[in-house]
Amino acid sequence: MSDLVEKKIIIAIDGYSSCGKSTVAREIARKLNYLFIDSGAMYRAVTLSFIRSGLVLDGEVDRPALKEQLRRIHISFQTNQETRHNDIFLNGENVEQEIRQLAVAQKVSQVAAIAEVRQFLVAQQQEMGQSKGIVMDGRDIGTVVFPGAELKIFMTAEAPIRAQRRFEEMKAKKEPVNFEEILQNITDRDRVDETRTESPLRKAADAVVLDNSHMTREEQFIWILDKVKKIVTDED
Ligand code: CDP
């Protein structure tokens with residue numbers, strides 16, 4: 001394992017909504033002592049900021065005001081000493097919980113389709129990966145953010161299974177949720193993410209597919225770690 005710790009690579013994990021990318025990415029990063037970045041959290045934080053300022057109204061986004069607002073948004077991550085998670089901060093405020101709410105999930109794909117928002121966040125994400133040793137998950141990590149990543153994984157799972165997992169996750173957090181609403185949100189976001197003009201969700205040509213519909217967390221973890229080991233050993 002010391003080889004893995006010493007030889008830093010970039011691991012890009014892309015895929016559909018709620019298929020457990022962040023969970024497995026976080027575990028892999030912990031194992032390898034890498035930085036973990038949930039790029040979706042960054043899109044969610046920007047969305048939250050826009051919602052709070054009334055810039056995202058039903059179906060419409062105030063584009064000029066939004067560009068102005070981007071200049072005032074500062075996003076950072078900090079390890080939560082209690083949970084050991086990398087919590088996200090919006091202008092110094094911990095918004096880790098708030099960005100996970102359905103109200104944000106319902107607007108985020110619309111906001112993530114805006115070119116200026118993507119440019120703003122992609123530049124920050126690339127900066128974070130400069131010294132490698134990073135696991136980042138999202139929709140365009142292997143295609144746009146780190147096209148040269150040594151390991152690219154495209155994760156997927158059947159939609160009802162993803163909805164059930166998200167439903168349980170939110171229920172555990174005592175969020176008022178409804179299964180049908182979550183399933184609808186997941187399929188809506190998949191559609192918007194796949195069909196947008198700006199960096200649509202798609203598998204990079206050199207990505208490996210991981211369908212985890214019928215896999216446990218442990219199995220996914222081992223599957224990815226095995227790929228990392230192969231890359232590190234091949235290159236040695
Ligand atoms: O956790 P979940 O899979 O539900 O989504 P997320 O990773 O938190 O991402 C929320 C939304 O942000 C996605 O539905 C995309 O619209 C957008 N996103 C993106 O466009 N590009 C990324 N690299 C990451 C997220």
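The model is predicted.

**The largest pocket**

Begin by selecting Ser22, Thr23, Arg100, Arg166 and Glu169, the residues that lie nearest the centre of the largest pocket. This pocket has a volume of about 1,100 Å³, and its lining consists of 46 residues. Colour the lining by residue class: 22 of its residues are charged, 16 are polar and 8 are nonpolar.

Next, display the secondary structure around the pocket. Among the elements that each supply at least two lining residues are helix H2 (21–32), helix H3 (39–52), helix H5 (102–112) and strand S8 (134–138). Helix H8 (159–172), helix H9 (179–195) and helix H10 (217–235) likewise each supply at least two. The largest share, 7 residues, comes from H2.

**The second largest pocket**

Now select Arg26, Ala29, Arg30, Asn33, Tyr34, Leu35, Phe36, Thr79, Arg84, His85 and Asn86, which line the second largest pocket. Two or more of the lining residues come from H2, and two or more from strand S2 (35–38). H2 gives the most to this lining, with 3 residues. The volume here is about 240 Å³. By class, the lining divides into 4 nonpolar, 4 polar and 3 charged residues.

**The ligand**

Select the ligand and the residues around it. The ligand is surrounded by 19 residues, the closest of which are Ser18, Arg44, Arg118, Asp140 and Asp193.

A polar side-chain atom of Arg118 is placed 2.8 Å from an oxygen atom of the ligand. For Ser39, a polar side-chain atom lies 3.0 Å from a nitrogen atom of the ligand. In the side chain of Lys21, an N or O atom is 3.4 Å from an oxygen atom of the ligand.

**Two residues with positive phi**

Return to Ser18, which is found in the loop between strand S1 (10–15) and H2. Most residues other than glycine have a negative phi. Ser18 is not a glycine, yet it has a positive phi of about 55°. Is Ser18 buried or exposed? With a relative accessible area of 8%, Ser18 is buried, since the cut-off for buried is under 20%.

Move on to Asn91, in the loop between strand S6 (86–90) and strand S7 (93–94). Asn91 is not a glycine either, and it has a positive phi of about 45°. At 48% relative accessibility, Asn91 counts as partly exposed.

**Arg162 in helix H8**

Select Arg162, which lies in helix H8. This arginine is buried, its relative accessible area being 4%. To see what surrounds Arg162, leave aside its neighbours within four places in sequence and display its other contacts: Tyr16, Ser17, Ser18, Cys19, Ala157, Ile186 and Asp190.

**Helix H5**

The last stop is H5. Why is this helix largely enclosed by the rest of the structure? The reason is that 8 of the 11 residues of H5 are buried. Select Leu102, Val104, Ala105, Lys107, Val108, Ser109, Val111 and Ala112 to show these buried residues. Then display the elements that cover them, which include H3, strand S3 (56–57), helix H6 (115–128), H8 and H9. H5 also supplies at least two residues of the lining of the largest pocket, where this tour began.

How values were computed
Residues are numbered from 1 along each chain as its sequence is written. This is a predicted model: local features need pLDDT of at least 70, side-chain atom pairs count only at pLDDT 80 or more; totals for chains, interfaces and linings use all residues. Side-chain values use heavy atoms; hydrogens and water are left out. On a 1 Å grid over the protein atoms alone, a cavity is a set of points where a 1.4 Å probe fits but cannot get out, and a pocket is an open set with protein on both sides within 12 Å along at least five of seven lines; lining residues have an atom within 4 Å of a point. Grid points are joined across faces, edges and corners, and a volume is the space filled by probe spheres set on the points. Helices (H or I, at least four residues) and strands (E, at least two) are DSSP runs, numbered from the N terminus. Ala, Val, Leu, Ile, Met, Phe, Trp, Tyr, Cys and Pro count as nonpolar, Asp, Glu, Lys and Arg as charged, and the others, Gly among them, as polar. Buried means under 20% relative accessible area, exposed over 50%, partly exposed in between (1.4 Å probe, protein chains only). Contact means heavy atoms within 4.5 Å. A residue is near a molecule or strand if one of its heavy atoms lies within 4 Å of it. A polar contact is a pair of N or O atoms within 3.5 Å; within protein, one must be able to donate a hydrogen and the other to accept it, and residues adjacent in sequence count only if both atoms are side-chain atoms.
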